[in-house]
Amino acid sequence: AKLTRKLANVLEGDSMDQDVESPVAIHQPKLPKQARDDLPRHISRDRTKRKIQRYVRKDGKCNVHHGNVRETYRYLTDIFTTLVDLKWRFNLLIFVMVYTVTWLFFGMIWWLIAYIRGDMDHIEDPSWTPCVTNLNGFVSAFLFSIETETTIGYGYRVITDKCPEGIILLLIQSVLGSIVNAFMVGCMFVKISQPKKRAETLVFSTHAVISMRDGKLCLMFRVGDLRNSHIVEASIRAKLIKSKQTSEGEFIPLNQTDINVGYYTGDDRLFLVSPLIISHEINQQSPFWEISKAQLPKEELEIVVILEGMVEATGMTCQARSSYITSEILWGYRFTPVLTLEDGFYEVDYNSFHETYETSTPSLSAKELAELASRAELPLSWSVSSKLNQHAELETEEEEKNLEEQTERNGDVANLENESKV
């Protein structure tokens, strides 16, 4: 009874506390994983930053996995590209397995021909003419298959002219062996000569910067080539990856918007001998037109940069990629110069390739800066003192105009009085 009374008192106290504090318990409905990821998460009453998932990683690999592909037969229709795209361990395994299987297959056929003709029963009979001399078992048939397909020809095992089926098999194995050699060697050659590793020596700056250049707000990043052999016909492109919602309510995830890095002026075609700073002018056509310094960290966007060109040594097309998220875009910074003039040559200091330094940059967006400039009819590099001076001049001009208008009105009134008297 005492326990029940105590329990009742505790329950009554809890109910009273609930009536006083009146907390509201909100039960979250069950949502899909994508919707749950988009909900704000509160830890210790502080909103934590949701990690931005990269579309393209810093090393250039695309962070996209293809799932639920049912039409897998399409990979077999382009078997050559499928083999080239495989990892090296699988490629080498297939390379060894193809040759081993073909040798075993034709070795079995050579052994069957010898077995059916009765060559195994007349191994030591000098009057018997076998299909293949010195073929006395499956191992010797396998070795003869290897010699035939690889055209080694040791001279110990030789096909005779008394075996027409053996001659036909020899022709078939020679043709198929040539096809297998051409296919597998070509696959390995393309695999080895792929220009993917050439992209390892094409470097991008770890950060992108936003600062003033020639009186205009610009987004900039730096690219460089570590090799002495240059990239021919090099060109640069940039894409903005950001989800958007249309005016009709359609949600487009990872929408791609082109960022102009000099397409119309030809600045996107590079002579990449030394590191270059790629600049994007933030104007009315730019997706960063309305983004200010305070708004930039709140944006969930990614800038993907793509450098393309031909390898000078092989003539094959090479592509290097990288990306920048909002935390990697520095507002109010510039890149440290890396090119210096030495005795008879220019030297590039790659130790300072990723370094930046702070510079005075307005925190307003390009749109706000353009509006201020259009109102004041001043360049973007105006100062507060010049702004105040111009306001004072405008006020004095207005006062002078008011005085002139007042004097004119007084004169008109005096004239009217004189006319009325007359």
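Two strands count as paired here if DSSP finds at least two bridges between them. Helices (H or I, at least four residues) and strands (E, at least two) are DSSP runs, numbered from the N terminus. With that in hand, take the hairpin of β6 and β7: it has five residues between the strands, and Gly249 takes a positive phi near 95° there.

A couple of ground rules. This is a predicted model, where local features need pLDDT of at least 70 and side-chain atom pairs count only at pLDDT 80 or more, while totals for chains, interfaces and linings use all residues. Residues are numbered from 1 along each chain as its sequence is written, and side-chain values use heavy atoms, with hydrogens and water left out.

**Strand β6 and its partners**

- β6 (residues 231-245) and β7 (residues 251-259) pair antiparallel over seven bridges.
- Ser235 has Arg269 as its bridge partner in β8.

- α7 covers residues 164-192, which is 29 residues; at 1.5 Å a residue it should span 42 Å, and its end C-alpha atoms are 42 Å apart, so the two agree. The expected span is 1.5 Å times one less than the number of residues.
- Gly166, Leu169, Gln173, Gly177, Val180, Met184, Cys187, Met188 and Lys191 are the buried residues of α7. Buried means under 20% relative accessible area, exposed over 50%, and partly exposed in between (1.4 Å probe, protein chains only).
- Those buried α7 residues pack against α4 (79-85), α5 (88-117) and α6 (138-149). Contact means heavy atoms within 4.5 Å.
- The α5 and α7 axes come within 11 Å and cross at roughly 175°. Axes are lines fitted to C-alpha atoms, for helices over the stretch in contact, with angles running from 0 to 180 degrees between N-to-C directions.
- That makes α5 and α7 roughly antiparallel to each other (the label is for angles over 145 degrees).
- By class, the contact of α5 with α7 has 20 nonpolar, five polar and three charged residues. Ala, Val, Leu, Ile, Met, Phe, Trp, Tyr, Cys and Pro count as nonpolar, Asp, Glu, Lys and Arg as charged, and the others, Gly among them, as polar.

**Helix α6**

- The buried residues of α6 include Phe144, Ile146, Glu147 and Glu149, and the buried set packs against α5 and α7.
- Thr151 follows α6 and has a positive phi, near 55°.

- Thr326 sits in the loop between β11 (317-325) and β12 (329-331). Thr326 is buried, at a relative accessible area of 9%.
- Not counting residues up to four places away in sequence, Thr326 touches Ile52, Leu296, Pro297, Glu299 and Leu301.
- Glu347 belongs to strand β15 (residues 346-348) and is partly exposed, with a relative accessible area of 39%.
- Leaving out residues up to four places away in sequence, Glu347 touches Val338, Leu339, Thr340 and Glu342.
- Glu347 and Ser274 are 73 residues apart in sequence, and 9.0 Å apart in space from C-alpha to C-alpha.

Definitions and conventions. Angles under 35 degrees count as roughly parallel, over 145 as roughly antiparallel, 65 to 115 as roughly perpendicular and the rest as oblique.
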